[in-house]
Amino acid sequence: MILTEAGRAVQQAEAFRPLLRPHRLRPGDVVGIAAPSGPVLFPERLDRGVRALEARGFRVSVGPVAASRGGSRSAEERAAELNGLIRDPEVRAVVAAIGGYRSNGLLELVDWAALRADPKILVGYSDITALLLGAVRAAGVVAFHGPTVLPELAEYPDVLPPTAAGFLRALTDPRPLGRIEPVAEWTEEFLAWGSADHRPRLTEPAAEWTWLGDGTASGPLLGGNLETLCCLAGTRFLPDFDGAVVCLETTATTLDLIDRDLDHLAMLGVFDRMAGLVFGHSFRGGAGFQAELEQRLTERFAARSVPCLLGPHLGHTDPMPTLPLGARCALDTRRRVLEVIDAAVR
């Protein structure tokens, strides 16, 4: 993308704009549900997710696209839903219903000025990465890499306890999150929504995290889904990774696809400027895939002499933490600690 001088000036201003913290959620606050990417095709799960939020003391406002419970709408309609929730003074948080493939098409349609004028919590992961980084980059507001409604908040019979605890802690407590602890058990069992998702999913013990490098690093936590992040290359929404702790997760199940996207980010200079790296656990790659992935990542990053953490469950595996993008994060390979050192809400 060729930028005009005015475009460069805007980009530079956004790069150095201090991040604003949204107001924390309180009991009785309104949480909006939007469908900025994929469609809401399973109304029972939407209802279950709404009940999970209400059970935790929040009122819920389901946007018109999410409430339509049908196919994806146009980018303009999806942006109008999201903008309506952003502009509504009663809505204090917006949680994505589900991911998908199309949220980057909303980036030039979202009212980022309204979000900056009234900072509120935006939560999601996967394809929603585009909107989270839009909030950080274009609005200068901390955004939250965390659960969406249908996949996580609608878990049967309730949200997995670590996911629920991390969600509430990140969004309601104005103190820094501190340590992000490894989970004891995890699941990626597939139960077909609408027919088989009426029992708890089977869990298995979680492996220990893998640490690379020797030392400490801190910087703003930036990143999200690897594939979506690559879609932002050449746009004004790609973050400035200088001094950042880069956080990545992927749905790819072949090493070649992952290497392709990592090569893309490498050519953009992302890994030359980073302070550290967190790379999440793989998603349904089959027996032995996680070990192969970590070996490949070790070959790529061990020589860079920056602290790296491999294997935390932070993306498409459950349970997951809620992590504030744009807040400072610290890695300590000697103490084996990942912690958020900035308050994310006020």
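The exercises below work through parts of one predicted model, each with a solution in steps.

Residues are numbered from 1 along each chain as its sequence is written, and side-chain values use heavy atoms, with hydrogens and water left out. Because the model is predicted, local features need pLDDT of at least 70 and side-chain atom pairs count only at pLDDT 80 or more, while totals for chains, interfaces and linings use all residues.

**Exercise 1. Cysteines**

Task: Find how many disulfides the model has, and why C247 is in none.

Solution:
- Step 1. A disulfide is a pair of cysteine sulfur atoms within 2.5 Å.
- Step 2. For C247, the closest cysteine sulfur belongs to C329 and lies 7.9 Å away, which is too far for a bond.
- Step 3. Seen from C329, the nearest cysteine sulfur is that of C247, and C329 is in no disulfide.
- Step 4. By this rule the count is zero disulfides.
- Step 5. C247 counts as buried at 2% relative accessibility. C329 is also buried, at 2%. Here buried means under 20% relative accessible area, exposed means over 50%, and partly exposed lies in between (1.4 Å probe, protein chains only).

**Exercise 2. Helix α8 and T163**

Task: Determine which residues of α8 are buried and how they are placed around the axis.

Solution:
- Step 1. Helices (H or I, at least four residues) and strands (E, at least two) are DSSP runs, numbered from the N terminus. Helix α8 covers residues 161-172.
- Step 2. The expected span of a helix is 1.5 Å times one less than its number of residues. For the 12 residues of α8 this gives 16 Å, and the end C-alpha atoms are 16 Å apart, which agrees.
- Step 3. The buried residues of α8 are T163, A164, G166, F167, A170 and L171. They fall within an arc of 165° seen down the axis, so they line one face of the helix. The arc is that of the directions from the helix axis to the C-beta atoms.
- Step 4. The cover over these buried residues includes α2, β3 (91-96), β4 (121-124), β5 (143-145) and α7.
- Step 5. Take T163 as one of them: its relative accessible area is 2%. Leaving out residues up to four places away in sequence, T163 touches P147, E152, P319 and M320, where contact means heavy atoms within 4.5 Å.
- Step 6. A polar atom of the T163 side chain lies 3.0 Å from the backbone nitrogen of M320.

**Exercise 3. Helix α12 and F289**

Task: Locate the buried and the exposed residues of α12.

Solution:
- Step 1. Helix α12 (residues 289-301) has 13 residues and reaches 18 Å from its first C-alpha to its last, close to the 18 Å expected.
- Step 2. F289, Q290, L293, E294, L297 and F301 are its buried residues. They cover an arc of only 130° around the axis, which puts them on the same side of α12.
- Step 3. The face turned away from that buried side carries the exposed residues A291 and E299.
- Step 4. The buried residues of α12 pack against β9 (210-212), α10 (255-267), α11 (270-273), β12 (276-279) and β13 (308-310).
- Step 5. F289 has a relative accessible area of 4%. Its contacts, leaving aside neighbours within four places in sequence, are A252, T253, T254, L255, I258 and S282. F289 and T253 are 36 residues apart along the chain, with C-alpha atoms separated by 7.9 Å.

**Exercise 4. Helix α2**

Task: State which residues of α2 are buried and what covers them.

Solution:
- Step 1. Helix α2 (residues 43-55) should span 18 Å with its 13 residues, and its end C-alpha atoms are 18 Å apart.
- Step 2. R45, L46, R48, G49, V50, A52 and L53 are buried.
- Step 3. Their cover includes β1 (30-34), β2 (59-62), α3 (64-68), α7 (149-153) and α8.
- Step 4. After α2 comes G57, with a positive phi near 95°.

**Exercise 5. A buried loop residue**

Task: Is A244 buried or exposed?

Solution:
- Step 1. A244 is found in the loop between α9 (226-231) and β11 (245-249).
- Step 2. A244 counts as buried, at 0% relative accessibility.
- Step 3. Not counting residues up to four places away in sequence, A244 touches P220, L222, R273, M274, A275 and G276.

Methods:
A polar contact is a pair of N or O atoms within 3.5 Å; within protein, one must be able to donate a hydrogen and the other to accept it, and residues adjacent in sequence count only if both atoms are side-chain atoms.
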